[in-house]
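Have a go at each task before reading the solution.

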Amino acid sequence: MGYTFKVKHLLATTAAGLCMASVAWAADYKEAPELAELVAAGDLPPVEERLPAEPMVLDVLDSVGEYGGTLRRAILGGGDQHNIVRMISNENLVSWSPDWKTVEPNIAESYEVSDDATTFTFHLREGMKWSDGEPFTVDDIMFWYEVFMDGRLTPTKHSNFVDETGPVEVTKIDDTTVEFKFGKPNGLFLQNMAYGYGYYAVNYPAHYLKQFHADYNPDVQALVDADPAATDWVSLFNLKAGPMHTPIFWQNVDRPTLHPWHLTTPYGATDRVVAERNPYYFKVDPEGQQLPYIDRVTWDQVEDPESILLKAFNGEIDYMARHIGRASNLAALTDNKDRGKYDFYQVGDITASQAALILNLNNADPVKRDIVNNLDFRKALSHAIDRQEIIDLVYLGVGRPVQTSPHPLSPVYNEKWSTQYAEFDPDAANALLDSIGLDKRDDDGFRLGPDGERFTLVFLVADVFGFQYPDVMEIVAEQAAEVGLDIQVRATDRARLNEVASKGEHDGYIYNCPGGLVDAYANPDCYLPRPTIIHWAPEWAAWGVDHSTGEEPPAEIKVLFEAYDGVTSTADPAAQEEALKKVIEMATSQLYTIGIRQVDGAFGIARNNLRNYPDPMPIAGQLWTPAPYAAQYYFEGGDNLD
């Protein structure tokens, strides 16, 4: 049909020791014509004054580019902010290479790791600036750390920066040198800092955010009074300093960034989100041209994925996989690619399960909680699902039935993990359900719980990623009904789903499970309870980060946490691999999440004159791509195709 999946091995190594960034030579730097005009008019400093002393030289994937054009995309309302995040916003201290093999310097010019993997020292680029031209220094990182340590502003601390000994200790050495020190070895810290959530430390411009902080602005109440959404200075600060992976970040055009493009029209304010070139961006190409090449990125807000598909047919999408890279769209996209002037690229979106049932094992309902925590119930639900039927009907036969488990390309793949309890076997499901006390049924044939009421689980479903979750969940509900299980499906949007699930107010939902490849090391969310976007045990996850919060888990979950310590407490790859295998062995044997389908990759479309994009493009739950590489994208000819 005009497109062939070609899966490549995507392996990673744990970085240690000293790693130096590429440095620019003394040169006459070049800039985009629109910036040169501003310089000539006296409205912008010369390019050599806007760049750091040693800009990062970004090795281009294909060729040195040319300036111009608008990269057009589309976005849904109600929680599609990762559409923006993954395209323009992953600038961290360090970054993954485009082949997902090595961790390399990025905002940091270089870094050092202690032999015991407890201390990480980062050297920043002298003269680096925020998008408004103000200096970016270690003081900005220290301001983030102050906010991070303030229980009023950060009641829940991200697991990247906490271990069982407590929060990381961050120390300013000088204006361009900062040290992160843990109380125990943290062999995955560099990997975690290269993934998406590493952004925290470098996204708190002190010069801008201090005005909303009572300790720095004695007149902050006036700002509170002027903002109808704020009730006090803490809520005001959180509105202005909201996390980048939430919608609120993309509703504030005044917040300076280090990204290649900065927001000028916010998400949700109009029918188009706009991000313009950052004139102070810190990267250049091998010929000394300041990046990015492309002038701006836009997202037209639409109602549904079908509208995005029509835009692609009409040549109104320049680069996109999100929402449209689904198997059911491939034939139509192939038929219309000449009309839309695009071609396909491969997306290495290889998850542990692209569609997985996430039950809430911390359910507040004691009846439901008791039942879903019974392994035999989870086995029964798994055996009730005809995965091949779902793959055939929804995904046109693309994919294979699996439990949540590493992909065959993963260095820790184990066939047993992929296949156990995955056989469609209604007789086994019925026998298991009868054996755990769900042997009575109502007049409609649905099973009754121990309280004599129909046992019902409500699954939340958001139509995200183009994975057709509403269709999948409706079939799951029909199949479960055949063994007497009442599953109700409730449609919602991604933001609402995440809000409800993070609070543990759900029975279950369907989502994609990370951990199919090497991301399992740093992102084992479907094997281990963690406070991220996979919420199968949110109270246990909170306890795992801070034993004074959440709920103390049962012994088998504590053993999981201890096993994962074997991954994080060393920088030795062999020891990390053995520990990870132990974690996955225990997790899969307990069926904490129920996998349905695994694929060898997905696809996206790119206009015929777009250049320098990765193919295949690696992607994972925390690998927020293509943002780390997008600054080098360019249109051959300097503009969009007509």
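Contact, as used below, means heavy atoms within 4.5 Å. Helices (H or I, at least four residues) and strands (E, at least two) are DSSP runs, numbered from the N terminus. You're looking at a predicted model, in which local features need pLDDT of at least 70, side-chain atom pairs count only at pLDDT 80 or more, and totals for chains, interfaces and linings use all residues. Residues are numbered from 1 along each chain as its sequence is written, and side-chain values use heavy atoms, with hydrogens and water left out.

**Exercise 1. Find which residues of helix H8 are buried, and what covers them.**

Step one: apply the cut-offs, where buried means under 20% relative accessible area, exposed over 50%, and partly exposed in between (1.4 Å probe, protein chains only). In H8, residues 233-240, that picks out Trp233, Val234, Ser235, Leu236 and Phe237 as buried.

Step two: look for the cover. It includes helix H4 (138-149), helix H6 (206-209) and helix H7 (220-226).

Step three: check the start of H8. A side-chain oxygen of Asp232 comes to within 3.2 Å of the backbone nitrogen of Val234. For a polar contact you need a pair of N or O atoms within 3.5 Å; within protein, one must be able to donate a hydrogen and the other to accept it, and residues adjacent in sequence count only if both atoms are side-chain atoms.

**Exercise 2. Work out the strand order of the six-stranded open sheet and say which strands stand at the edges.**

First, the pairing rule: two strands pair if DSSP finds at least two bridges between them. With that rule the order reads E19-E23-E18-E22-E20-E21, and the pairing is mixed. E19 (400-401) and E21 (486-492) are at the edges with a single partner strand each, so one side of each has no neighbour in the sheet.

Next, zoom in on one pair. E18 (residues 353-359) and E23 (residues 594-598) run antiparallel and are joined by three bridges; Leu357 has Ile594 as its bridge partner in E23.

H14 (residues 387-394) lies across E19 and E23, at about 40 degrees to E23. Axes here are lines fitted to C-alpha atoms, for helices over the stretch in contact, and angles run from 0 to 180 degrees between N-to-C directions.

**Exercise 3. Trace the four-stranded open sheet and its hairpin of E12 and E13.**

The order is E3-E15-E13-E12, again with mixed pairing. E3 (70-76) and E12 (261-265) are the edge strands, pairing on one side only. From one strand to the next, the twist averages 25 degrees.

Then take the hairpin. Four bridges join E12 to E13 (residues 272-277), and the two run antiparallel. His262 is bridged to Glu276, and Thr265 to Val274. Six residues sit between the strands, and Gly268 takes a positive phi near 95 degrees.

**Exercise 4. Classify the aromatic pairs Tyr281–Phe282 and Trp536–Tyr592.**

Rings of Phe, Tyr and Trp (its six-membered ring) pair if their centres lie within 6.5 Å; planes under 30 degrees apart count as stacked, over 60 as edge-to-face and the rest as tilted. The structure holds 38 such pairs. For Tyr281 and Phe282, the centres are 5.2 Å apart and the planes at 55 degrees, so call it tilted. Both residues, Tyr281 and Phe282, are buried.

Trp536 and Tyr592 come out stacked, at 4.6 Å centre to centre and 15 degrees between the planes. Trp536 is in the loop between H19 (519-522) and H20 (538-545), and Tyr592 in the loop between H22 (573-590) and E23, so the pair ties together parts 56 residues apart in sequence. As for burial, Trp536 has 0% relative accessibility and Tyr592 a relative accessible area of 5%.
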